[in-house]
Amino acid sequence: MFTVKDVMALPVMDQSLLLTAYEASKQNQVEWVSIIEAPVEDFVRKNEVVLTTGIGYKDQISQLLTFVKEVKEAGAAALIVSIGHYIPQLPEPVISYCSEQKFPLVQLPWDVRFSEVTQQISSALNQEERDAVKRSDSIRKELLEIVLRGEGLGEITSYLQKQLDMPVIVTDRRGRFKHQTRNAERLKSLWNDYLLNQGDPLSYSYEDGVETRSLPSNMHWISTPQSSILQLTVQTAREIQGFILIQWPSKGIKAEKELLDHLILLEHAATTSALCFLHDQTALETELRLKDDFVWSLAKGTFESLDDTLSRAKSLHYDLDTDYLCLIAKPENSQPYPHDNHASHSYSNWLRTIGDILEEETYHAGRTMNIKTMSTFQKEELIIFVELFTEKSIETAYPFIDLLQYRLEQKNPQAIVSWGVAKTYGRYCFNVSFQEAKAALDIGHAHKEKGFISTFADTRFDRALFAMTENEELEEITEITIAPLRKYSKERGIDLVHTFVVYNQHKGNVSQTARALNLHRQSLLYRLKKIENLTGCSLDDSDELFLIDLSVRLHMLRSGTPYGYSSFH
């Protein structure tokens with residue numbers, strides 16, 4: 001960065017005198033030089049060195065002071081006044097004002113040509129720009145070499161630390177640590193405190209203050225009592241990939257000015273880090289896709305040979321030499337959550353997001369319980385193979401499901417997930433275990449409310465009923481028995497099917513049934529008599545009672561209505 005101090009060091013300025021010699025003002029950035037006489041108006045731009053002869057201000061101290069104020073307020077880096085012809089000596093009020101404002105005021109002998117001053121400043125600025133380009137090219141090449149050598153984010157972090165001599169940390173988009181320099185423990189603690197207060201860095205909105213308006217849009221200051229943290233966002237065209245955190249030793253304006261000297265380095269670091277993030281993300285997505293395909297093949301039983309299966313499992317770091325049980329989890333929300341960040345997205349995008357979350361939490365739940373897991377999200381369902389250590393498989397399944405449910409609720413409190421749990425477990429029985437878990441899930445949907453856990457071991461009766469639904473003669477008998485009850489319920493608004501189910505659940509106890517339905521005893525007896533008349537079956541005959549119950553169950557199974565709930569409302 002070219003400054004007022006650099007201007008004063010030019011040969012042409014040897015005979016000049018800086019009247020307001022403050023170190024801070026000497027660090028004012030210089031971007032150009034111009035010659036201005038009255039009026040100032042909009043002819044002076046920020047960070048510009050202004051030269052003037054003061055023509056028209058001879059013996060006009062107040063007007064000269066006004067001119068100086070306007071130059072300063074325009075954001076000029078410094079004011080150089082030619083002394084001799086029009087202004088023999090700078091007035092004390094002008095010097096005092098510049099001193100108070102810490103504004104560089106320079107007096108220049110009359111015999112020093114302005115053309116020489118502007119030429120040397122312009123040449124210095126051009127040289128500064130050429131040096132910056134050269135420095136930028138050098139940094140770009142060095143960082144690109146790191147990427148091409150495949151050394152990645154860790155080496156970029158070390159490179160930044162060497163160049164800046166400051167602690168550096170790289171995090172992912174959620175603020176979780178990926179790489180850090182050896183001296184970054186304090187920075188790590190400060191960042192954890194910041195996340196604790198602010199939450200997810202993706203959802204935090206920055207308010208630009210006076211000190212950050214000149215920063216690029218991907219850089220933000222985080223203030224701490226001891227120092228400042230520069231947060232550099234690493235972003236690709238699609239989305240934010242992560243953050244580079246640098247613990248800056250100074251604060252405020254001083255840190256802002258120091259940062260300007262390192263902008264080229266930081267911008268190149270952000271660009272090359274984005275390449276590394278994309279490389280890592282692509283590699284991870286490829287691995288996850290291969291794992292998904294592999295686990296789905298296990299579930300379907302489509303591998304040609306055991307040797308092929310074991311070979312692929314080894315390449316994907318899966319251990320098949322252990323007992324596995326299949327679980328299937330199905331997100332039941334039919335649309336994105338109303339208050340979720342993804343609510344504006346399509347259902348397919350939301351479902352993909354939920355699938356990613358479920359797979360990630362499955363991995364972490366397995367690590368927490370120290371058990372192996374394999375999972376894949378297919379056809380709106382998460383298929384999980386969980387390692388078993390006990391013959392009582394459900395003892396492993398339920399704690400795992402509880403932990404996974406808890407972790408999911410922390411991220412998505414509105415999530416509703418239903419589960420199917422297999423009975424068969426062991427080595428190389430993935431397809432059988434998957435079929436059982438799928439059957440348990442399907443049966444659960446037919447008989448239970450969303451959010452259930454259905455185990456294959458508890459579905460023998462339901463599986464028998466499912467087999468009966470394929471019998472055409474039984475379907476005809478069922479329809480003849482149930483149709484009059486459905487018609488009467490629809491016409492009169494009295495749910496006789498539900499009345500029968502509750503009566504049967506209470507083993508024919510009229511008093512208990514009346515209380516459960518909140519009916520008068522005589523009203524219940526009237527309904528029961530009506531059921532007998534419409535079906536032609538006696539409720540006192542166990543065979544005919546079984547026929548009505550079987551008809552009701554098969555009808556509800558076909559309609560997808562849980563047993564005990566009416567489908568006629």
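Which residue forms a salt bridge with Glu-145? The partner is Arg-149, and the closest N and O atoms of the pair are 3.6 Å apart. The model is a predicted one. A search of the whole structure turns up 20 salt bridges.

- Glu-145 is partly exposed, at 42% relative accessibility.
- Arg-113 and Glu-116 form another salt bridge through their side chains, at 3.1 Å from N to O.
- Arg-113 counts as exposed because its relative accessibility is 54%, and the cut-off for exposed is over 50%.
- Glu-116 is partly exposed, with a relative accessible area of 34%.

**A buried salt bridge, and a network**

- Asp-549 and Arg-553 meet side chain to side chain in a salt bridge, with N and O 3.2 Å apart.
- Both residues sit in helix H19, which spans residues 542-559.
- They are four residues apart in that helix, so about one helical turn separates them.
- Asp-549 is buried, with a relative accessible area of 11%.
- Arg-553 is buried too, at 18%; the cut-off for buried is under 20%.
- Elsewhere, Asp-137, Arg-140 and Lys-141 belong to one network, joined by salt bridges that share partners.

**A patch of negative charge**

- Four residues gather in a negatively charged patch on the surface: Glu-41, Asp-42, Glu-70 and Glu-73.
- Glu-70, one of the four, lies in helix H3, residues 61-73.
- Glu-70 is partly exposed, and its relative accessible area is 35%.
- Patch members have no salt bridge, by the rule used to find patches.

**A buried charge without a salt bridge**

- What is the nearest side chain of opposite charge to Glu-332? It is Lys-450, 5.0 Å away.
- Glu-332 is buried yet has no salt bridge. A salt bridge needs the nitrogen and the carboxyl oxygen within 4 Å.
- The side chain of Glu-332 does make a polar contact, with the side chain of Ser-418 at 2.7 Å.
- Glu-332 is placed in a loop, between strand S11 (324-331) and helix H11 (347-369).

- Leu-275 belongs to helix H9, residues 263-300.
- Leu-275 is partly exposed, with 42% relative accessibility.

**A buried leucine**

- Is Leu-485 buried or exposed? Leu-485 is buried, and its relative accessible area is 0%.
- Leu-485 lies in helix H15, residues 472-492.
- Leu-485 and Ile-531 are 46 residues apart in sequence. In space, their C-alpha atoms are 7.0 Å apart.

Key:
Residues are numbered from 1 along each chain as its sequence is written. This is a predicted model: local features need pLDDT of at least 70, side-chain atom pairs count only at pLDDT 80 or more; totals for chains, interfaces and linings use all residues. Side-chain values use heavy atoms; hydrogens and water are left out. Buried means under 20% relative accessible area, exposed over 50%, partly exposed in between (1.4 Å probe, protein chains only). Helices (H or I, at least four residues) and strands (E, at least two) are DSSP runs, numbered from the N terminus. Patches are made of residues with over 30% relative accessible area and no salt bridge: like charges are joined within 9 Å, nonpolar side chains (Val, Leu, Ile, Met, Phe, Trp, Tyr) within 5 Å. Accessible areas come from the Shrake-Rupley method with a 1.4 Å probe; for residues, only the protein chains shown count as cover. Lys and Arg count as positive and Asp and Glu as negative; His and the chain ends are not counted. The place of a charge is taken as NZ of Lys, CZ of Arg, CG of Asp or CD of Glu. A polar contact is a pair of N or O atoms within 3.5 Å; within protein, one must be able to donate a hydrogen and the other to accept it, and residues adjacent in sequence count only if both atoms are side-chain atoms.
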